[in-house]
Amino acid sequence: MAHYGARVAHRYIASALGLFIVAIFFSALRQGKRRSTSVLVPVAIFGITVFLSLLGYYTPARSNPLITMGNLLGGMALLGLLWWLLQRETEAVQIPASSSGLRPLALIALALVALQILLGGWSSANYASANCPGLLSCTGNPVSMENAVEAFNPGRNIELNERGQVARTDSLALLSMTHRLFALLTAGYLAWLVRRVKPQPMLAATALALAVFSIGQIAIGVSAVWFQLPLWLLTLHNFLAAGLLLSSINLLHRLVPPAVSALPE
């Protein structure tokens, strides 16, 4: 009964959000040259919304991780683009004088965070974390080319054992460990970037948000493994991932001058 109520609530919220996004789409198109960002942003928002609506007709099967990934990545992309559009349309950007060298670094940060979300989502959709009960230890012998091909195959299906549980395989162990090691790489880069941008007064708040969300992600990730993957910690892990994405987008927003639309009035 609780699952049914959650599905109904999800559909009502998705419908309301869809109407809201349609209104944003047509409002952005009517702005003409007054638009402070490319027209491709509202078009992409509208396209992702249509994609998620169509994806909602398919019942996510436990053995088909691609549908789960489509929902996760579509939702994160939609959140990020809405956040970018909101900032560009409501906040006048004051670019720091010495920001030219920081812009590529902010782009790398956003790319690393996006890739980490992709790895985490694929690991979660395949129930891979259970194959590595220790922080840096996994069952079996996961390091091989065959396991790498199987782990990152977008068309793969989840294997179930005779009790209907996800079978533990070496390829899933490799997937989980890749996600964890890449998390350390991303956190290290963000720590270095925070030290670079923190001296800029206009970027100090964004640097603080990046640091808080990055440290929180590592702490919650370690806690989730330590306490054997409770659902509430995994949900909080996703929430912090969204916060890290929005912070990375905010940093890029503060380093990129407004775009002028070439469309006629």
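In these legends, two residues are in contact when heavy atoms of one lie within 4.5 Å of heavy atoms of the other, and every view is drawn from a predicted model.

**View 1. Helix α7 against helix α8.** The axes of helix α7 (residues 204-226) and helix α8 (residues 231-253) come within 9 Å and cross at roughly 155°. Because angles over 145 degrees count as roughly antiparallel, α7 and α8 are roughly antiparallel to each other, and α7 passes α8 in a left-handed crossing. On the α7 side the residues that meet α8 include Leu210, Phe213, Gly216, Gln217 and Ile220, while on the α8 side the residues that meet α7 include Leu233, His237, Leu240, Leu244 and Ser247. Sorted by class, the contact of α7 with α8 has twelve nonpolar, eleven polar and no charged residues.

**View 2. Helix α4 against helix α8.** Helix α4 and helix α8 pack at an angle of about 160°, with their axes 9 Å apart, which makes α4 roughly antiparallel to α8. The crossing in which α4 passes α8 is left-handed. From α4, the residues Arg103, Ala106, Leu107, Ala109, Leu110, Val113 and Ile117 take part, and they meet Ala241, Leu244, Leu245, Ser248, Ile249, Leu251 and Leu252 of α8. The residues of this contact of α4 with α8 divide into twelve nonpolar, one polar and one charged.

**View 3. Helix α3 against helix α8.** Helix α3 (residues 65-90) packs with α8 at an angle of about 35°, and the two axes are 10 Å apart. The crossing of α3 and α8 is right-handed. Among the residues that make the contact are Met76, Leu79, Trp83 and Arg88 of α3, together with Asn238, Leu245, Ile249 and His253 of α8. By class, the contact of α3 with α8 has ten nonpolar, five polar and one charged residues.

**View 4. Helix α4 along its length, and the residue Tyr127.** Helix α4 (residues 102-125) has 24 residues and reaches 34 Å from its first C-alpha to its last, which is close to the 34 Å expected at 1.5 Å a residue. After α4 comes Tyr127, a residue whose phi is positive, near 55°.

**View 5. An aromatic pair in helix α6.** The count of aromatic pairs in the model comes to one. The ring centres of Tyr189 and Trp192 are 5.7 Å apart and the ring planes stand at 45°, so the pair is tilted. Both Tyr189 and Trp192 lie in helix α6 (residues 170-197), three residues apart, about one turn of the helix. An α-helix has 3.6 residues a turn, so residues three or four places apart point the same way.

Notes
Residues numbered from 1 in each chain as written. Predicted model: local features only at pLDDT ≥ 70, side-chain atom pairs only at ≥ 80, totals over all residues. Heavy atoms only, no water. Axes fitted to C-alpha atoms, helices over the stretch in contact; angles between N-to-C directions. Helix = DSSP H or I, 4+ residues; strand = E, 2+ residues; numbered from the N terminus. Parallel < 35°, antiparallel > 145°, perpendicular 65-115°, else oblique. Left-handed = near helix turned anticlockwise from the far one by under 90°. Nonpolar A, V, L, I, M, F, W, Y, C, P; charged D, E, K, R; others polar. Expected span 1.5 Å × (residues − 1). Phe/Tyr/Trp six-rings, centres within 6.5 Å; stacked < 30°, edge-to-face > 60°.
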